[in-house]
Amino acid sequence: MKKIIIYFILLSVFAMAFSTCRKVDVPPLPDLRFPLPLLTKDTTSDVFIHGEDPASFLGKFMVDLYYGQAVKPKKMNVVVIRNDNKINVKTIKADVTSFPASIQVTGTELAELFDSTIKLGDKFEIGADVTTKDGQKFSAFPTIGSPYGADTATLPGSSFSIVYVADCIFNPADYNGLYTVFTQTWDYKVGDLVRVEPGTGNTILITAWPHPDVGGYIRWPMIVEVDSLTNVATVPFQAVGEYAGGPSHIIDSGTGTVSPCGDKITLSLIFSVGTYYGEQPLVLGK
């Protein structure tokens with residue numbers, strides 16, 4: 001009986017203590033999230049730098065906050081590096097304090113920032129240095145470690161930087177001449193030469209089958225259709241040659257890619273010669 005009374009008293013004391021704590025105003029916990037930047041390209045502007053005319057480049061992009069307006073920095077500086085050189089960081093726009101912010105940069109500005117002309121293949125990566133409200137500074141391109149913390153890159157939907165590359169634009173006229181076979185096929189050895197030339201519209205022509213060694217054949221150039229925006233190549237159903245006294249050499253289908261600079265063609269082709277013949281790659285380059 002004494003034990004029951006003691007337990008009852010203790011229970012009453014705990015209940016009173018809990019009730020007292022509930023009546024005290026507990027201040028909200030501080031938001032410990034970091035004011036992460038969120039960078040996205042404006043696809044109504046240039047998404048890459050024209051390698052043959054870099055001065056014509058106009059890139060537009062948005063600098064926003066990953067966690068929204070609830071987690072704001074004191075400011076951000078929009079910065080850029082060239083070809084992954086984190087020692088040489090240049091500022092595109094300093095002291096950005098209003099978000100989302102629409103920023104733009106031209107090819108001429110990039111060339112002036114790095115005091116040199118833009119070359120084919122140059123890569124420009126744009127990020128944001130963050131200054132928090134308590135004055136701490138965090139670099140977009142630290143020479144050691146990851147920006148803003150090692151685990152931030154795993155956040156879903158994060159985009160802490162964007163990249164613009166100086167690249168070519170597909171032009172069928174750039175595909176003209178003898179191309180070297182890079183990967184051995186049933187017909188060709190590595191190092192053999194194949195004729196490539198421009199076709200009509202966004203097409204290129206490859207004259208390869210039958211192989212010259214078979215003799216007594218008729219050839220028709222294989223038509224390769226190219227999507228000029230994605231550089232994806234499609235080979236429609238067609239005949240590409242005829243053996244002497246034999247069946248036509250037929251390509252049932254084919255897909256692949258081309259280099260927009262005209263120096264490489266990578267295809268996977270399905271052949272038949274009377275009956276199904278099989279699939280083989282065709283990789284050509286200069």
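**Salt bridges, cores and a disulfide**

In this predicted model, the side chains of Asp-84 and Lys-123 come together in a salt bridge, with 2.9 Å from N to O. Asp-84 belongs to the loop between β4 and β5 whereas Lys-123 belongs to strand β7, so the pair ties together parts that are 39 residues apart in sequence. Asp-84 counts as partly exposed because its relative accessibility is 47%, and Lys-123, at 25% relative accessibility, also counts as partly exposed.

By the rule applied here, the count of salt bridges comes to four. Another of them joins Asp-95 and Lys-75, whose side chains meet at 2.9 Å, N to O. Since Asp-95 lies in strand β5 (residues 90-96) and Lys-75 in strand β4, this pair ties together parts that are 20 residues apart in sequence. Asp-95 has 46% relative accessibility and counts as partly exposed, and Lys-75 is likewise partly exposed, at 25%. A further salt bridge is formed by Asp-122 with Arg-82, where the closest N and O atoms are 2.5 Å apart. This pair links distant parts of the chain, with Asp-122 in the loop between α2 (107-113) and β7 and Arg-82 in strand β4, 40 residues apart. Here both Asp-122 and Arg-82 are buried.

The setting for these pairs is a protein with two helices and 19 strands. Buried residues account for 36% of its 286 residues, and among contacts between residues at least 6 apart in sequence, 55% join residues at least 24 apart. The accessible surface comes to about 16100 Å², and carbon and sulfur atoms hold 58% of that area.

What lies inside? In soluble globular proteins, nonpolar side chains tend to be buried together. The largest nonpolar core in this model has 32 residues, and those with the most contacts inside it are Ile-49, Phe-61, Val-63, Leu-110, Ile-126 and Tyr-148. Two or more residues of this core come from each of β3 (58-65), β4 (75-82), β6 (101-106), β7 (123-131) and β9 (162-167), and β4 gives the most, with five residues.

By the rule applied here, the count comes to one disulfide, formed by Cys-168 and Cys-261 with their sulfur atoms 2.1 Å apart. The pair links distant parts of the chain, as Cys-168 sits in the loop between β9 and β10 (177-181) and Cys-261 in the loop between β17 (248-258) and β18 (264-273), 93 residues apart. The link of Cys-168 and Cys-261 is right-handed, with 95° about the S-S bond. Cys-168, with a relative accessible area of 8%, is buried, whereas Cys-261, with 26%, is partly exposed.

Finally, some nonpolar side chains are found on the surface. Val-47, Phe-48 and Ile-169 form a nonpolar patch there, with about 220 Å² of accessible area together. Phe-48 is located in the loop between β1 (37-41) and β2 (49-50), and Phe-48 is partly exposed because its relative accessible area is 33%.

Terms used
Residues numbered from 1 in each chain as written. Predicted model: local features only at pLDDT ≥ 70, side-chain atom pairs only at ≥ 80, totals over all residues. Heavy atoms only, no water. Core = buried A, V, L, I, M, F, W, Y, C linked by side-chain atoms within 4.5 Å. Buried < 20%, exposed > 50% of the residue type's maximum accessible area, 1.4 Å probe, protein only. Helix = DSSP H or I, 4+ residues; strand = E, 2+ residues; numbered from the N terminus. Contact = heavy atoms within 4.5 Å. Areas by Shrake-Rupley, 256 points an atom, 1.4 Å probe, with all protein chains shown as cover. Disulfide = S-S within 2.5 Å. Patch = residues over 30% accessible without salt bridge, like charges linked within 9 Å, V, L, I, M, F, W, Y side chains within 5 Å.
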